[in-house]
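Dear colleague,

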Amino acid sequence: MRVKARKWGYKLFIVLFSLFILFFFVLPLLWLLTAPFDTKATLRVSLPSTFTFNNFRTIFANAFAIRALFNSIVIAGGTMVGVTLFATLAAYAVSRLKIRGRDILTYLLVLFSSVVQGTAAMVPIFLLLYRLKLVDTHLGVIFVLVGGLLPTGIFLMRDFVESIPRSYEESALVSGAKPAQVLRHVVVPVLRPGIMVLAVWSFVQAWGDFLISLIVIRSPTKMPAPIAIYSFYTEGGTPVLTLVSAYALIYALPVVGLYLFVNWRFGFRFFGGIKGSGR
Amino acid sequence: MTRQKPHVQLCSVSKVFGKVIAVNDVTLDIDNTEFFALLGPSGCGKTTTLRLIAGLERPTKGRIFIAGRDVTDLPPQERDVGMVFQDYALYPHMTLFENIAYPLRIRKMPPKQIAARVHEVASHLLIDDLLARLPSQVSGGQQQRAAVARALVHAPKVFLFDEPLSNLDAKLRLEARAFLKHLQKELGVTTIYVTHDQAEAMAMADRIGVMFEGRIIQVGTPLELYRFPNSKEVAAFLGNPPMNILPGCFKRSSNGCEFVGSVFSILFENLQFEEGDVYLGFRPEHAKVVNAPSKFSIPARLHTIQPLGSEFLLTLEVGRDTISVRMFSEEEPKFVGKVWLELDVNKIYIFDKEGKRIFP
């Protein structure tokens with residue numbers, strides 16, 4: 001009986017603790033779903049006093065804010081293509097060629113990647129982009145983001161690549177395929193779920209970037225959404241909550257949509273084969 | 001049109017991985033249309049040898065010829081071989097049709113011809129009604145047939161099989177043996193077949209090359225190897241169960257030669273051997289278990305009796321050695337405890353202390 005009671009107590013604790021955590025995460029989301037439709041939104045979560053779409057109308061009338069969303073798509077899309085392409089090829093190479101100390105190399109790269117996008121590296125990165133005449137260009141932002149995301153991307157992708165039996169490639173080689181054909185016909189299709197995870201992950205990372213765009217981009221017409229959201233602040237620096245929340249909701253939708261699309265089309269499989277799980 | 005006789009030739013080929021010599025100075029001649037099995041325990045270098053022929057590995061030393069052409073420095077795609085892998089390696093994102101068509105697609109054959117050829121091969125292998133399915137939607141045996149179909153669709157000069165039956169269950173494996181052997185004879189394509197299963201090699205191959213620690217230790221027809229193994233390694237590898245081998249030594253006596261084992265001795269009359277350490281070998285079917293001692297008998301203890309239907313497999317202990325005896329009988333033999341083993345002296349083998357056969 002005592003054992004049973006203790007078991008129940010433990011379960012109760014887990015449930016209550018989960019609810020507590022859930023509460024913290026759900027609250028801001030609930031606010032994001034209610035505030036944009038409220039004429040007088042506050043920082044409290046409450047059902048809209050008067051339901052309205054006016055906030056969205058104001059935002060769609062704001063050319064700067066809408067252009068910023070497109071800028072975000074360019075930056076995130078470019079980063080996604082860059083990271084996915086290079087991380088897949090690099091992961092394939094790292095996985096298939098036996099290089100001495102490649103594990104340490106990968107871990108070091110992952111470690112250093114946090115430096116590339118970290119605050120400490122901002123001055124050298126700005127100087128570098130200045131010399132390359134890439135300041136105030138989307139390409140400059142994309143380069144920095146790709147550089148920062150690549151190591152983690154390679155690390156993530158390597159597990160996917162290593163879960164592919166080598167005999168697939170060898171059988172294609174014996175069938176007469178050239179190495180590039182092996183990659184195109186066999187490796188990439190088999191890797192597709194991993195590539196999708198990587199693409200969504202890098203898109204989301206770039207979509208949410210604030211610091212690098214803030215530093216690299218100068219002209220307002222090129223700014224992405226996370227910076228443009230500041231245009232919904234009053235001159236005194238207080239946010240106009242109705243507009244900020246409506247813009248934030250619009251800003252969040254592509255990411256949610258992307259997740260749903262990939263999940264529906266390919267099904268998410270994070271980590272192709274971390275050793276010991278799901279093999 | 002004169003075409004050079006297609007056959008495979010390995011000239012003192014070696015392959016070294018770091019400090020490990022996987023393949024050690026292997027020389028082989030495989031005739032046209034021959035079914036050749038490479039047999040050996042795991043890690044003996046047989047798969048590496050096959051991969052060397054396929055071009056998936058480059059030899060450290062030696063030359064490889066296929067159909068009279070030196071292919072040593074050619075990549076796998078230019079060697080014109082067909083290979084079936086242990087895990088079949090069917091591409092999971094392609095249907096069986098696409099899988100089988102792949103070697104033809106790479107060779108840029110017109111789609112109509114591809115379809116015709118794939119259907120021809122698939123119907124031959126009895127999988128033509130499964131072509132629209134993905135590999136994950138068919139059984140292991142069907143996957144294996146699809147893998148064979150893919151290997152032969154482009155009519156390669158050589159077939160390479162890397163333990164293709166080891167993932168099948170016992171019943172399917174027996175069926176697949178007969179099926180592959182028949183197919184090979186029908187197509188007449190030179191085939192090299194790697195296996196660790198001696199029964200498979202004996203059942204299917206025209207000739208067998210036994211590999212041990214990177215070397216080919218004997219090449220011959222299945223029956224040659226079975227009857228005249230050159231060494232105790234070959235003897236202990238072939239047969240089911242394999243040959244019994246007991247260590248001992250020879251002592252000369254006035255009327256012959258005496259084999260002194262761990263707990264017994266046998267006098268061989270009219271036979272003369274050098275004195276010294278040797279191994280005595282005999283096949284499980286060439287000994288009889290009896291209740292009383294006789295001239296050529298060895299004292300033993302009965303360990304287990306396994307009824308196998310048509311025969312009984314007896315496991316006995318002779319001193320510290322375990323030996324097997326096959327008994328063909330309708331009734332279950334009634335032995336308990338101490339028994340005697342009667343050898344057929346005309347069917348014994350003697351190996352010297354290096355393991356080389358010295359008798360018969």
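Before we look at a pair of helices, please note that an axis is a line fitted to C-alpha atoms, for helices over the stretch in contact, and that angles run from 0 to 180 degrees between N-to-C directions. Helices (H or I, at least four residues) and strands (E, at least two) are DSSP runs, numbered from the N terminus.

This is a predicted model, in which local features need pLDDT of at least 70 and side-chain atom pairs count only at pLDDT 80 or more, while totals for chains, interfaces and linings use all residues. Residues are numbered from 1 along each chain as its sequence is written, and chains are lettered from A and ligands numbered from 1 in the order in which they are written.

In chain B, helix α2 (residues 96-106) packs against helix α3 (residues 111-124) at an angle of about 125°, and their axes lie 10 Å apart. The two helices, α2(B) and α3(B), are therefore oblique to each other, since angles under 35 degrees count as roughly parallel, over 145 as roughly antiparallel, 65 to 115 as roughly perpendicular and the rest as oblique. Residues are in contact if their C-beta atoms, placed from the backbone, lie within 7 Å, and among those that meet here are B:Phe97 and B:Leu104 in α2(B) and B:Ile114 and B:Val121 in α3(B). By class, this contact of α2(B) with α3(B) has 8 nonpolar, no polar and 2 charged residues, where Ala, Val, Leu, Ile, Met, Phe, Trp, Tyr, Cys and Pro count as nonpolar, Asp, Glu, Lys and Arg as charged, and the others, Gly among them, as polar.

Between the chains, the contact takes 15 residues from chain A and 16 residues from chain B. On the side of chain A that touches chain B, the largest share, 7 residues, comes from α7(A).

As for confidence, pLDDT is the predictor's confidence in each residue, from 0 to 100; chain B has a mean pLDDT of 86, and 98% of its residues reach 70 or more. For the complex, the predictor gives an ipTM of 0.81 and a pTM of 0.76.

With best wishes

Notes
Two residues are in contact if their C-beta atoms, placed from the backbone, lie within 7 Å.
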